[in-house]
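Hello,

Here is the structure you were waiting for. Please open it first; my notes follow below.

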Amino acid sequence: MKLTTKLMAATALVAAPAVQAAELEVTHWWTSGGEAAAVAELAEAWEAAGNTWIDGAIAGSGGTARPIIISRIIGGDPMAATQLNHGRQAEELIEAGLLTDLTEVAEANNWAEIINPPSLLEACTFEGRVYCAPLNIHSAQWLWLSRDAYETAGVDVPNDWNEFVAAAPALEEAGIVPLAMGQQGWQQNIAFGDITVAIAGVDNMLAVLRDKDADVAAGPEYTAVFEAVATARELARDSNVQDWNLATNMVITGQAGGQLMGDWAQGEFQVAGQVAGEDYECLPGLGLNQVLDTGGDAFYFPVIDDEETRAAQLEMAEMLVSPEVQVAFNLAKGSLPVRGDVDLSAANDCMQKGLAILASGDGILPSGDMALSQDSTIQVEDLMAEFWSSDMSAADAQERYVDIISSAD
Amino acid sequence: MSNHSVEIRNLDLSFGAVNVLKDLNLDIHEGEFLVLLGSSGCGKSTLLNCIAGLLDVTDGQIFIKGKNVTWAEPSERGIGMVFQSYALYPQMTVEGNLSFGLKNARLPKDEIAKRVARAAEILQIEPLLKRKPGALSGGQRQRVAIGRALVRDVDVFLFDEPLSNLDAKLRADLRVELKRLHDQLKNTMIYVTHDQVEAMTLADRIAIMKGGQVMQLDSPANIYNKPRNKYVAGFIGSPAMNFIEGELAGGVFKAEGFEASLAEYDWATSAPADGPVTLGLRPEHILTEDQVDSGTLRTQVLADLVEPMGADTLVWSNLAGHPFRFRMDGQAVVKAGDMVPVGIDMSRASVFDVASELRL
Amino acid sequence: MSDHVSDPSAPAKRPVQLFRNLSAKIASIPMILTALVVFVGGTAWTVVHSFTSSRMLPKLEFVGFDQYERLWSTRRWMISIENLAIYGVCSLILTLLIGFTLAALLDRKIRFENTFRTIFLYPFALSFVVTGLAWQWILNPDFGLQSVVRDWGWESFAFDPLNNSEIVIFGILIAGIWQGSGLIMCIMLAGLRGIDEDIWKAARVDGIGTVKTYVRVIIPMMRPVFITALVLIASGIIKLYDLVVAQTNGGPGISSEVPAKYVIEYMFRAQNLGQGFAASTMMLVSVIVILIPWAYLEFGGRKRG
Amino acid sequence: MVDVAMTGPRGPKPKKAFSSRNIMLYGILILISVYYLLPLYVMIVTSLKGMPEIRLGNVFSPPLEITTAAWTKAWSQACTGINCDGLSRGFWNSVQILVPSLILSISVASVNGYALSHWKFKGSETFFTILIIGAFIPYQTMLYPIVILLREIGLMGDLGGLVLVHTVFGMPILTLLFRNYFTSIPEELFKAARVDGAGFWGIYFRIMLPMALPIFVVAMILQVTGIWNDFLFGVIYTKPDTYPMTVQLNNIVNSVQGVKEYNVNMAATLLTGLVPLVIYFASGKLFVRGIAAGAVKG
């Protein structure tokens, strides 16, 4: 019995590069138009190699999908591959030995060299071993603007956040909502983060998020941030959608002037057939501070006690980082590739802006996900949700934010 | 081996702290019709359930036909049981109801058919065999319930107030039928009821129960004529016995304005000591009209209330400061406010000790 | 008589208590396992882990009452509790009231009773998710009730509970009652049908009005029915989750959060299992505090006699 | 004297067809019916409209142009991720989950209720009390212990595991119903059967089961509703191939591609709710009768 298993394992390893048709179940929560198109690219590439992609999409953002993913992993009946935001989320699963070690793939394909920025691979690395395949780079610090809306209102399209605020009354007069905002804590938190980068600057933000410096959070720079967020709240008063892509849709249709959202919003513009620079504009770092964080999605491969599956998992990991898939996937999703060595000439204006910032090497922030624990993030999201939906004063909000930071781990 | 059909030895049953049966002993003869009589809560149904094996006893033993069945399953005890609510299986036909127990006992088919046919014949329910209980009248249902006990071909029949759910006329009819059935089958029957008429008419012997104990076990005549204690005396007889509190002094009963010699009284023990006693007089033993003179004692009482009942008339009055009821002929002309002469035959009276309430 | 004691056919000793009614005990094994392993075991597991610093995966690193201290100093938890209290009290009273009133109306020997009953009952067939979506849609200020009334000419009409954090919990209440009151009506109706007709005759002869008869005579007689209804409603209230998620997802802001949602969010989204377990332990404690006396009265104190 | 008798009221009391009491009674009932029917009406009407009409009008206006496009889309075309086959896939999965769960949970609960009513043993009431308290525990908090439990007995990710979970969580309320129902069956019947030599199972199958139809209907309705509408367990204990309909519904409703297609959402919602709804409409009378027997006699 043991011998056979070993033999089979050996055969599987030998055969690994040309595995027989493998069936892998992939769990993810990419269900919006742009996201689904991007997943389709992955599935197509996977099936082109003669494999089968069993799509385990679970709609309703990570909140719905995560309990399912984690339950199945700890229940010993995991999917073959799953999306998770990389960063601290998966550490415990790795420690418990539930995730497949991808180091051999990473080494064989020289991920250490090609993945840029290196922080992405670091986020996948735990005690020197690689456990996830980074798929894309998402940055949250974008202001998306509708040309249409500003033309209707008869004002110029703003070039930074300050101009955006100044132009708001004109939009309101034209019956246009200045700022589209989905009424969900995580979206409001993104807006908060964006404004923080733009107004308080990178150093202050890092002091708070990475070093948990409550004094900075209580300082005047953050006071300015909270006041700006309060202003944004006023601008979004009449936006009563829930989902982020419905908010994006308001910008696409010209019902709203702009939206503070990550670069995944671009996928929606693309699906709607809009062209960057013509129909919509984008301002990374809100036009004030040319920085982007480098969060992003990664795929993890739960341990499945079957050599063939393991080989297929490694094959998929390899595929995800391959140049072809990187280009196809990221063009569809509107995110940036994890390797600098691919040809993205097909990318639109906005993506090019992002690539430029990335290539410059400075202005790269750790993603909020990576710096704060999920637990603290939820607390900030709760605070934001309450702040945006009530008349809480900026000072009160700041005070509570300081509390969260000082007790964060 | 004794000829006892059912014997109960030192039976105790308690639910938590409540003792329902207390050190109860009872011997029931082969072929006897024994009635357990008592008011509700006296433990008579509980006792029957213990005999049937439907309740687990706390202590003591039960023998049926000389076999210790204390822990045997109900179906292994050789008993058949008839319930107050008939307890017919509603989804089975009459035939199904009759044969259910036999099928459970895995009897051969022809034997089952034979027994069902015989029971149906005895009870005259042959035309009903294919019907369901829902389509039967109360009396028919009770016959089927009896039939279900009958087919089991057992030595002991247990009846748990089987006639209580029937109307008065049907009850009387079925009572007679039960009596006939017993004469015909000669099985041991244990019959629980709170109806003294049923008890008196059916029983070979009656066990009067109270508080989980047997007060008196005796023939109906003795229970009626010589109740062993005041409780039995008051329980049996309708209207209930009159009680007059007084003193026993030298063979003479003395109460307020009332004295009677007990010279003719049949003492249970040899002449008791003097002291406070209760005199019990059955309303129907009071002599009236032209029989007044044959009593040991004659007096006059004031009629408070007169209840004409057709065959006889019940008069409510007062004697020696105690309520006093007596029965007169139905044709007697008497109305409230009349003074009525009555005679008392002390040989038919009962005398109880006040403290122990036992018959003297 | 003494020969019976040595009767050879008599069982030698009392049967072992454990083997009495053995079939019944064997048949109850699934129930016993469920009660002990799943409910008691699972609960104990949860309670134990609420004293740990478990994050994404359950770990036995004990931190004392830290999770509880944090729980009770969290604003979201306090709002959740407050919401549940408001929802609970209102839902309990209104569901009982509406359920009973409907049942009483249907019990008045009306025509089309079946039709009405089906109308009142059908929402119960729908999941909370469906209920939440439907009512979210109806209460939508731009397409729903508010806009319709405004179209009728009442321009200032404002009914927008789902976007007003002061009254959002009542918006959820409307949907909750809609979904749950039918079942309660059904139970009440069954209870009313079980009341002796003579009671009504007696009340009529005594000249007691209909409403007064219900309040003074019928309702006290229906105690067991009310208890069953109460248990059903109460168990639903504590579990309130899907409806909130579907209808408001806790918004606007965190003004319609409820404890069950707090538990789930902390367990899965915040990946702070310890905190989630602490919150669910608190829920459990409150359930037990309310339930134990009731369960004792209902099941423990009753003896066969 | 005679005159008075002749002129006073005589004969049958006159009855008014539309007494103010009746008008009020039916008025109230109809008004309340509107509240109850409104969501269903809105769902149906919306599902029959096209998207442009939805954006323009209000939710209550009847469709100007009836189209079943939304129903078709919901059933067979709506997309989740890269799968675009709507709810159809989930329907049979749901049936496959429902049938064994229904049979097992009702069998177990009815035997429990029967044992608790006529075969009480030491501790049986304690277990029952624990069960009832269990009915108050939000399922989600039990997720992890259950996952661990299923892993230990090797049923994680298996249809058997899901059936087991439905049986366990359906047990408290169903056991309560069956217990109450069987308690209301006269004890004498049970005694008679014991005298007739029937044992635990004999009495259950031959006497109790044939009498328990009404309560089985109630149990069935409650379980069909509960199991069919379940999302949480369905999504965790199944795989994409076997996702039940509710998971597909969630995916359709929450996968917003461009704009929210309310008509498709409503059609999908109605399609998903159809099975329990049909069962309710079909067995309403039996349900009330069963409830009367199972829930009222506490």
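Which residue in E12(B) is the bridge partner of Glu247(B)? The bridge partner is Lys254(B).

Some ground rules. This is a predicted model, where local features need pLDDT of at least 70, side-chain atom pairs count only at pLDDT 80 or more, and totals for chains, interfaces and linings use all residues. Residues are numbered from 1 along each chain as its sequence is written, while chains are lettered from A and ligands numbered from 1 in the order in which they are written.

Chain B strands

Strand E11 (residues 242-249) and strand E12 (residues 252-255) of chain B run antiparallel, joined by three bridges. Strands are DSSP runs of E, at least two residues, numbered from the N terminus. Two of them pair if DSSP finds at least two bridges between them. E11(B) and E12(B) make a hairpin with two residues between them. In its turn, Gly250(B) has a positive phi of about 60°.

E12(B) also runs antiparallel to strand E13 (residues 258-261) of chain B, with four bridges. Phe253(B) stands opposite Ala260(B) of E13(B). This hairpin, too, has two residues between the strands. Gly257(B) takes a positive phi near 65° there.

Chain D domains

Chain D is assigned domain 1 (21-67) and domain 2 (88-244 + 265-294). The bounds come from an automatic or database domain assignment. The C-alpha centres of the two domains of chain D lie 34 Å apart.

Best wishes
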